[in-house]
Amino acid sequence: MFVSFEPWIAPDHPDVVWFRGADAIGFLNDLVSQEVASMEVGEVRRSLFLRPKGKLDQILWVLRGDGEVGLVAEEGRGAELAASIGRFRIRVDVDITQETQPTWVIIGSTEFDPGRWRPFDGGLSADVSWAGVSRTLIVGNRPTVAEGEAGEYERLRILAGEPRWGIDVDEKTIPQEAGLVSVSVDFKKGCYLGQELVARIHNRGHVNRHLRILELDNAADAGAAITSGENEVGVLTSVVDRVGLGLVRREIEPGSSVQVGAATAKVLAVPSKPQT
């Protein structure tokens with residue numbers, strides 16, 4: 001069930017990197033965690049680009065086109081993504097270009113096909129929804145809806161359990177810690193960069209911490225230690241309006257109470273993420 005309200009533009013402008021050429025689909029399929037080759041033209045799926053040892057590098061959406069694939073990255077990380085993937089472009093017919101048109105994210109819009117993208121007004125429209133929050137990526141002309149508030153956008157992101165790079169997760173984060181694997185990794189596909197760690201944890205292991213939502217009864221600052229009894233069990237990474245995110249030790253199960261500075265917080269599991 002999506003939150004219902006009048007659509008508004010978020011203060012978020014994702015980067016889109018395009019991969020075109022005869023080998024583009026096979027090239028990306030060998031690098032990202034999602035099965036790109038099986039996607040239908042016009043389909044959107046989530047994916048990850050991992051470091052060689054399996055830690056996070058990029059959290060992505062994949063736009064499968066006819067002879068082209070777009071990877072949607074966080075704002076400001078498109079050039080880095082293009083350079084990182086471009087290092088593997090050896091003897092393949094793949095052209096890598098970053099989208100030059102402006103990008104916009106509409107919150108609350110229902111004018112999209114779930115799980116799809118399509119050409120729109122000289123650019124494109126794509127469903128990049130969070131859990132419980134409809135998000136539409138627009139590339140091209142500015143949508144004619146009102147500007148939203150950064151604080152409200154951050155609150156929705158936290159409640160959806162969506163990690164932000166450099167704040168909630170970084171290059172030391174294992175994908176399973178961030179709750180991203182179920183919709184971003186295809187365990188039936190062939191090899192991809194960083195596969196060994198993710199597959200090993202999936203088949204035989206566990207991670208020692210998980211991204212959790214924290215409902216606070218008082219104000220707390222990002223960076224505050226999360227404690228249970230005398231033990232530090234995590235760090236508050238994002239917070240707004242007395243809701244926050246943090247990577248918390250696995251023994252602290254959802255429903256538990258913890259301390260965050262002077263505040264008491266209830267620990268909640270992040271909601272299951274939709275495919276897009």
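Tutor: A residue counts as buried under 20% relative accessible area, as exposed over 50% and as partly exposed in between (1.4 Å probe, protein chains only). By that rule Arg249 is partly exposed, because its relative accessible area is 33%. Keep in mind that this is a predicted model, in which local features need pLDDT of at least 70 and side-chain atom pairs count only at pLDDT 80 or more, while totals for chains, interfaces and linings use all residues. Residues are numbered from 1 along each chain as its sequence is written, and side-chain values use heavy atoms, with hydrogens and water left out.

Student: With which residue do the side chains of Arg249 meet in a salt bridge?

Tutor: Side chains of opposite charge can pair when their charged atoms come close. The rule here asks for a side-chain nitrogen of Lys or Arg within 4 Å of a carboxyl oxygen of Asp or Glu. Arg249 meets Glu251 in this way, at 3.4 Å from N to O, and Glu251 is also partly exposed, at 47% relative accessibility.

Student: How many salt bridges does the structure hold, and which residues are linked in a network?

Tutor: The structure holds 16 salt bridges, and a network of them links Arg51, Asp57, Arg77 and Glu80. Another salt bridge joins Arg135 to Asp12, whose closest N and O atoms are 3.4 Å apart. That pair links distant parts of the chain, since Arg135 lies in strand E10 (residues 135–139) and Asp12 in the loop between E1 and E2, 123 residues apart. Both Arg135 and Asp12 are buried.

Student: What separates Arg155 and Glu152 in helix H3?

Tutor: Helices (H or I, at least four residues) and strands (E, at least two) are DSSP runs, numbered from the N terminus. Arg155 and Glu152 are three residues apart in helix H3, so about one helical turn separates them. They form a salt bridge with the closest N and O atoms 2.8 Å apart; Arg155 is partly exposed at 25%, and Glu152 is partly exposed at 25%.

Student: In which order do the five strands form an open sheet?

Tutor: Strands of a sheet pair through backbone hydrogen bonds, either parallel or antiparallel. Two strands pair here if DSSP finds at least two bridges between them. The order is E3-E4-E5-E2-E6, with antiparallel pairing. Strand E3 (44–50) and strand E6 (95–98) stand at the edges with a single partner strand each, so one side of each has no neighbour in the sheet. Strand E2 (residues 15–20) pairs with E6 over four bridges, and the bridge partner of Val17 in E6 is Gln98.

Student: Which residue joins its side chain to that of Ser47 in a polar contact?

Tutor: A polar contact is a pair of N or O atoms within 3.5 Å; within protein, one must be able to donate a hydrogen and the other to accept it, and residues adjacent in sequence count only if both atoms are side-chain atoms. Ser47, found in strand E3, makes such a contact of 3.4 Å with Ser33. Ser47 is buried, with a relative accessible area of 0%.

Student: How many aromatic pairs are there?

Tutor: Rings of Phe, Tyr and Trp (its six-membered ring) pair if their centres lie within 6.5 Å; planes under 30 degrees apart count as stacked, over 60 as edge-to-face and the rest as tilted. The count comes to three. Trp8 and Tyr153 are an edge-to-face pair, 6.4 Å centre to centre with 80° between the planes. Trp8 lies in strand E1 (residues 8–9) and Tyr153 in helix H3 (residues 150–159), so the pair ties together parts 145 residues apart in sequence.
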